[in-house]
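Work through the exercises below with the sequence and the structure in view, and try each task before reading its solution.

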Amino acid sequence: QDHTPRQKPRIPLDSLQDETFIIREAGSGTRLLMERTFAMAKFTPRASMEFTSIETIKQAVIAGLGVAFVSAHTVAGELSSGQLVVLRTQGFPVTRQWYAVRPAERQLTPAGQVMWRLLIAEGASYLPVLD
């Protein structure tokens, strides 16, 4: 199915009303964020299919079964290869805060210390940036 709305700069979320949404299982962080975002926009998709695997969701969208609300870092490869496209929708992208945590009372191994410093210094550069 050709999603002509993607050609416009920012489409209203309501224009996706008739799309089938391929969604994560209840309780997943992505699903909770999607539900909260849709509730704030007073948007309810008419149809959805639920899967527990991001790979299954990506393949379902690639196969043309619907659209999905997913984390950008999980589809970076498919976006760069052109298998998937971002629907430029009003109010999107939705951003979340990421935290790196470790036990305060535990000493990191030398390898853990290097990893920790790398994560703090450069971790954000590994997340895709969508406009």
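**Exercise 1.** Find which strand pairs with E1 over two bridges, and in which sense the two run.

*Solution.* E1 and strand E3, which covers residues 67-68, pair in the parallel sense over two bridges. Here strands (E, at least two residues) and helices (H or I, at least four) are DSSP runs, numbered from the N terminus, and two strands pair if DSSP finds at least two bridges between them. To locate the pairing in the structure, look for phenylalanine 21, which stands opposite valine 67 in E3.

Before going on, note that this is a predicted model, in which local features need pLDDT of at least 70 and side-chain atom pairs count only at pLDDT 80 or more, while totals for chains, interfaces and linings use all residues. Residues are numbered from 1 along each chain as its sequence is written, and side-chain values use heavy atoms, with hydrogens and water left out.

**Exercise 2.** Determine how many bridges join E1 to E2, and what handedness the unit made by E1, H1 and E2 has.

*Solution.* Begin with the strands: E1 (residues 20-24) and E2 (residues 47-51) run parallel and are joined by five bridges. Within this pair, isoleucine 23 has glutamate 50 of E2 opposite it. A crossover is called right-handed if, with the strands pointing away from the viewer, the path from the first strand over the helix to the second runs clockwise.

**Exercise 3.** Find the salt-bridge partner of glutamate 35, and decide whether each of the two residues is buried, partly exposed or exposed.

*Solution.* A salt bridge is a side-chain nitrogen of Lys or Arg within 4 Å of a carboxyl oxygen of Asp or Glu, and the structure holds six of them. Glutamate 35 forms one with arginine 31, where the closest N and O atoms are 2.7 Å apart. These residues are four apart in helix H1, so about one helical turn separates them. For the last step, buried means under 20% relative accessible area, exposed over 50%, and partly exposed in between (1.4 Å probe, protein chains only). Arginine 31, at 12%, is therefore buried, whereas glutamate 35, at 37%, is partly exposed.

**Exercise 4.** Identify the salt-bridge partner of lysine 58 and the helix that holds both residues.

*Solution.* The partner is glutamate 55, with the closest N and O atoms 2.9 Å apart. Both residues lie in helix H2 (residues 54-62), three residues apart, which is about one turn of the helix. Lysine 58 is buried at 6% relative accessible area, while glutamate 55 is partly exposed at 43%.
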